[in-house]
Amino acid sequence: MDWGTELWDQFEVLERHTQWGLDLLDKYVKFVKERAEVEQAYAKQLRLPASVPTLRSLVKKYLPKRPTKDDPEVKFSQQQSFIQLLQEVNDFAGQRELVAESLGIQVCLELAKYSQEMKQERKMHFQEGRRAQQQLENGFKQLETSKRKFERDCREAEKAAHTAERLDQDINATKADVEKAKQQAHLRNHMAEESKNEYAAQLQRFNRDQAHFYFSQMPQIFDKLQDMDERRATRLGAGYGLLSEAELQVVPIIGKCLEGMKVAAESVDAKNDSQVLIELHKSGFARPGDLEFEDYSQVMNRVPSDSSLGTPDGRPELRAASSRSRAKRWPFGKKNKTVVTEDFSHLPPEQQRKRLQQQLEERNRELQKEEDQREALKKMKDVYEKTPQMGDPASLEPRIAETLGNIERLKLEVQKYEAWLAEAESRVLSNRGDSLSRHSRPPDPPATAPPDSSSSSNNSGSQDNKESSEEPPSEEGQDTPIYTEFDEDFEEPTSPIGQCVAIYHFEGSSEGTISMSEGEDLSLMEEDKGDGWTRVRRKQGEGEGYVPTSYLRVTLN
């Protein structure tokens, strides 16, 4: 996966991310420089006065200010390595060992020089991208100009034709006036035809330029930026390693901590960081298609009686067409300030699905916690009833009632988020299908495994809807029997208890399972009992067997 394909409409995101990467590089250079100053102070005296900055205060200064849970930058291996490096520095700060001052300076000078080179390269790529955007915008403006000229000439031609017709029917009009009006009408009609040809040519040229812009020019620029950012990340990781390697030569007694810093440096994965950026900011939108030709010449070919129907000049159709053209979404325009909604509908489809999935998982964890607390309170109440001297059972009633209320509230929230998640996933699948039909690029195969029996025993009430939002498990190892009970014969056929739709293809190669195709309608014969499998039957009655619950969208009767 590359930026030019997956992040084609995220110009501002790439601009911020590459700038953030350079800022992180400069931040590390500054950190090494200040670290060298601290080591110089250590070299002069073993015990530092309070006014001199210590390693611990330095580490605290550069640690992220936001909690790790709320900081999206922590998802990048570069940031994770930097935080781990700070923690390792904090661990050996108490050793008060002397480190040579030249170690940090060498790293600082090399990375500072490299940072300047990266800034120049980044500036060149974004200037090239902005020039390409400006050229496309200029082409769009020329297209709008030719379209408005075509519209204006069509109106003038129609007006001239009506004038010639009126003079021709006027008995008081002279032959010269009639002839002049006819010539004027012919001239206007010729001008309209020329405007039409010019508009058609301009439209064809713009659609060609737009296709080149979205599918060739900008992807190449974004791929260059990705290569630059990955080289910078790799060099930054090497810079992390230089600091640890230099210190290991002179401070063997803190080698364990420095080895941890080295591990942090080597854990920088430029390719993985590129993938993380895609996952964080992939919008899920489809690329814009070609603009349609808007024919304003139709009003010239109408018979005179047509003009008596509706408005006299037929201009509302032209205005409607113009308004539709102006309503086209322009991905490089300024974004309007969005209002945050509870269902995250203000986010792009892919990001909305991920946020809803996170919220649903949080609600399920809270629900499980409340249910565990309810069971604990019930057991405590039973103990109080059997042994009154240990406590009053009535004193637990308010807490039990509060816990039940929380459970009901969380169940409603789980249902609400499951419904929103199902809608979001349908939109994502719809966008993927549209992208497949237009660009012939398959979506990423699902890779998550189905839930095991231990995680679903307490959530059977909401499992059907929840599991429909999860991605299907890997089919690796499905050539061996999955469960021993699948080898047994099924019970006598009964009436279905619901309906379900296969949201993914499944190859039932194990005994007791059944194959199904994506989008296939099936009859639900038996609900998931907590092991991650559901028994279904084909509509035509051709077969019956078990399939992964996470592959289905279930509707109970």
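Hi everyone, let's start at W3. Leaving aside its neighbours within four places in sequence, W3 is in contact with W8, L14, H17, T18, F222, D223, L225, Q226, D229, S274, L277 and I278. Contact here means heavy atoms within 4.5 Å.

A quick word on the model. It is predicted, so local features need pLDDT of at least 70 and side-chain atom pairs count only at pLDDT 80 or more, while totals for chains, interfaces and linings use all residues. Residues are numbered from 1 along each chain as its sequence is written, and side-chain values use heavy atoms, with hydrogens and water left out.

Now the overall picture. The protein has 13 helices and five strands; these are DSSP runs numbered from the N terminus, with helices being H or I of at least four residues and strands E of at least two. Of the 557 residues, 43% are buried. Buried means under 20% relative accessible area, exposed is over 50%, and partly exposed is in between, using a 1.4 Å probe and protein chains only. Among contacts between residues at least 6 apart in sequence, 77% join residues at least 24 apart.

Back to W3, then. Which residues have the most contacts inside the largest nonpolar core? They are W3, Y28, F31 and Y240, in a core of 61 residues. A nonpolar core is a set of buried Ala, Val, Leu, Ile, Met, Phe, Trp, Tyr and Cys residues joined through side-chain atoms within 4.5 Å. Several helices each supply at least two residues of this core, including α2 (11–44), α5 (101–169) and α6 (175–250). The largest share, 15 residues, comes from α6. Apart from this core lies another, of 16 residues, among them I503, Y504, L552 and V554.

D153 sits in helix α5, and D153 counts as buried because its relative accessible area is 7%. Leaving aside neighbours within four places in sequence, D153 is in contact with R188, M191, A192 and S195. Then α7: its twelve residues should span 16 Å at 1.5 Å a residue, and its end C-alpha atoms are 16 Å apart, so the two agree. The expected span is 1.5 Å times one less than the number of residues. Among the buried residues of α7 are G255, C257, L258 and G260.

On to the sheet. Strands of a sheet pair through backbone hydrogen bonds, either parallel or antiparallel. Here, an open sheet of five strands runs in the order β4-β3-β2-β1-β5, with antiparallel pairing. Two strands pair if DSSP finds at least two bridges between them. The edge strands, each pairing on one side only, are β4 (544–548) and β5 (552–556). From one strand to the next, the twist averages 40 degrees; axes are lines fitted to C-alpha atoms, for helices over the stretch in contact, and angles run from 0 to 180 degrees between N-to-C directions.

Four bridges join β1 (residues 498–502) to β2 (residues 521–526), and V501 has D521 as its bridge partner in β2. Five bridges join β3 (residues 533–538) to β4, where the partner of W533 is P548. Four of the five residues of β4 are buried.

Last, the cysteines. Thanks, everyone!
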